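Okay, thanks for coming, everyone. Let me put the structure up and walk you through its side chains.

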Amino acid sequence: MVILGYIAAFLLAVIIIIVLKNIRIVQQARAVVIERLGAYKTTWGVGLHWKTPFIERVAKVVSLKEQILDNPPRAVITKEGVSIEVDSFVYFEVTDPKLYTYGAENPIMALGSLTATTLRNIVGEMELDQTLTSRDYINGKLRTILDEATDPWGIKVTRVEIKSIEPPRDVQESMEKEMRAEREKRQNILRAEGEKQSAILVAQGEKEAAILRADAKKQSVILEAQGEAEAILAVQTATADGIRRINEAAPCEQVIQIRALEAFAAAANGRATKIIIPSEIQGLAGLAAGLKEIVTDPAAPTPKA
């Protein structure tokens, strides 16, 4: 009986161990491919699962997270025959664990080899300058080709990044010289453009200054002419007013002749050496002189009426 008890305890322990070993908990972002008698049975997702002992087995545990394949630098020849080294990253994720398990013997190695081959084909159709300036084009085309080629493997290529493109040393030196020459050319162009703009601004300033001076002179001449016109108008107005008042006073002929004589005297203004007086005014001038003598001589007799 004691032996039977030990046997029963042993069998119970074995059964417990077998049960525990066939209970599987699948973690988040993982999948487990199960085979039954060597054939694909099912794919376990997240949670607690039971595997039939001795009949079913775990074929592969697959990570569903996004993964990165770092391809080492590979020699690639461009269209004109220049050998360059291209280093790239491939980002991918497993979308079908069954295809990933049975689609290729080593999917990661197959993806790396396919990346190198496709990259050679793409860069081989491009010239060196185009290769160096078309990384986005290379990334997009490479991703599209890899994504289509890896569908039977249950892999989806999400993106591809070209990390570096290294041309030969002599080509790099030649490119650096060309870039320096191009920078100097742009610098000279910018300097010449600046000098041109400066000369244009100076000329425009001088032109505007000349226009302003001419406009100021024009305004000065206009104002001066307006002043002279107003002065002449004032003189003419005063003359017309004087004539009007004389006409209103109705002067006799003698008064008019006397005013004419005064006008001649004013015209001479002490500077004339000879004045010609009309005959009709000469008599009146003698009369005016006689009257002046009578008025100024107190001994002179008073004329009778």
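This is a predicted model: local features need pLDDT of at least 70, side-chain atom pairs count only at pLDDT 80 or more; totals for chains, interfaces and linings use all residues.

Who supplies it? Helix α1, residues 2-21, strand β1, residues 23-26, and strand β4, residues 47-50, each put in at least two residues. The most comes from α1, with five. Leu12, for one, sits in that helix.

There's a charged patch on the surface too. Glu80, Glu127, Asp129 and Glu178 come together there as a patch of negative charge. Glu178 belongs to helix α6, which runs over residues 169-249. So is Glu178 buried or exposed? Its relative accessible area is 55%, and the cut-off for exposed is over 50%, so Glu178 counts as exposed.

Tyr40 is in strand β3 and Tyr102 in helix α2, so the pair ties together parts that are 62 residues apart in sequence. Tyr40 is partly exposed at 32%, and Tyr102 is partly exposed at 38%.

On to salt bridges: the whole-structure search turns up eight. Take Arg57 and Glu35, whose closest N and O atoms are 3.0 Å apart. Arg57 is in strand β5 and Glu35 in strand β2, so this bridge ties together parts 22 residues apart in sequence. Arg57 is partly exposed at 45%, while Glu35 is buried at 7%.

Then look at Arg36 and Glu56, where the closest N and O atoms are 2.3 Å apart. Here Arg36 is in strand β2 and Glu56 in strand β5, 20 residues apart. Arg36 is partly exposed, at 35%, and Glu56 is buried, at 8%.

One more pair: Glu66 and Arg159 meet in a salt bridge at 3.5 Å, N to O. Glu66 is in the loop between β5 and β6 and Arg159 is in strand β8, so the pair ties together parts 93 residues apart in sequence.

Note on methods: Residues are numbered from 1 along each chain as its sequence is written. Side-chain values use heavy atoms; hydrogens and water are left out. Patches are made of residues with over 30% relative accessible area and no salt bridge: like charges are joined within 9 Å, nonpolar side chains (Val, Leu, Ile, Met, Phe, Trp, Tyr) within 5 Å. Accessible areas come from the Shrake-Rupley method with a 1.4 Å probe; for residues, only the protein chains shown count as cover. A salt bridge is a side-chain nitrogen of Lys or Arg within 4 Å of a carboxyl oxygen of Asp or Glu. Lys and Arg count as positive and Asp and Glu as negative; His and the chain ends are not counted. The place of a charge is taken as NZ of Lys, CZ of Arg, CG of Asp or CD of Glu. Helices (H or I, at least four residues) and strands (E, at least two) are DSSP runs, numbered from the N terminus. Buried means under 20% relative accessible area, exposed over 50%, partly exposed in between (1.4 Å probe, protein chains only).
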